[in-house]
Amino acid sequence: MFILVSLLSAFVHGAFGFGFPLLSTPLLVFGFDLRTAVLLTLVPTVSVNLVSILSERQWRGALRDYLAIPALTNVGSLKGTHGLFEID
């Protein structure tokens, strides 16, 4: 199940440029508990994002221009994950 969900999520991410964790986490919850689903998506999500960043020729300039987005995304991810675990 994990491999199938990862492949589908990677396809969607490749087609639209975003969506790997947005799709994979809820689908994995059908087969795993929430904590396991989040942990299973952690490494593939970071990997997909790193590949996307490093495939950009001017990634340092892009990172400098848009540094607020990943910084605020990390804060939101931490708060959202904490919130999900509190609910569960």
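Helix α3 (residues 34–54) has 21 residues, so at 1.5 Å a residue it should span 30 Å; its end C-alpha atoms are 30 Å apart, which agrees. The expected span is 1.5 Å times one less than the number of residues. This is a predicted model, where local features need pLDDT of at least 70, side-chain atom pairs count only at pLDDT 80 or more, and totals for chains, interfaces and linings use all residues. Residues are numbered from 1 along each chain as its sequence is written, and side-chain values use heavy atoms, leaving out hydrogens and water.

**Helix α3**
- α3 bends by about 35° at L42. The bend is the angle between axes fitted to the seven residues ending there and the seven starting there.
- Buried residues of α3 are L34, A37, V38, T41, P44, T45 and V48. Buried means under 20% relative accessible area, with a 1.4 Å probe and protein chains only.
- The cover over these buried residues includes α1 (2–16), α2 (20–29) and α5 (68–87); contact means heavy atoms within 4.5 Å.

**Overall fold**
- The chain has five helices and zero strands. Helices are DSSP runs (H or I) of at least four residues, and strands (E) of at least two, numbered from the N terminus.
- The C-alpha atoms fill a box of roughly 40 × 30 × 20 Å along the principal axes.
- Of the 88 residues, 19% count as buried.
- Among contacts with a separation of 6 or more, 43% come from residues 24 or more positions apart.

Conventions:
Buried < 20%, exposed > 50% of the residue type's maximum accessible area, 1.4 Å probe, protein only.
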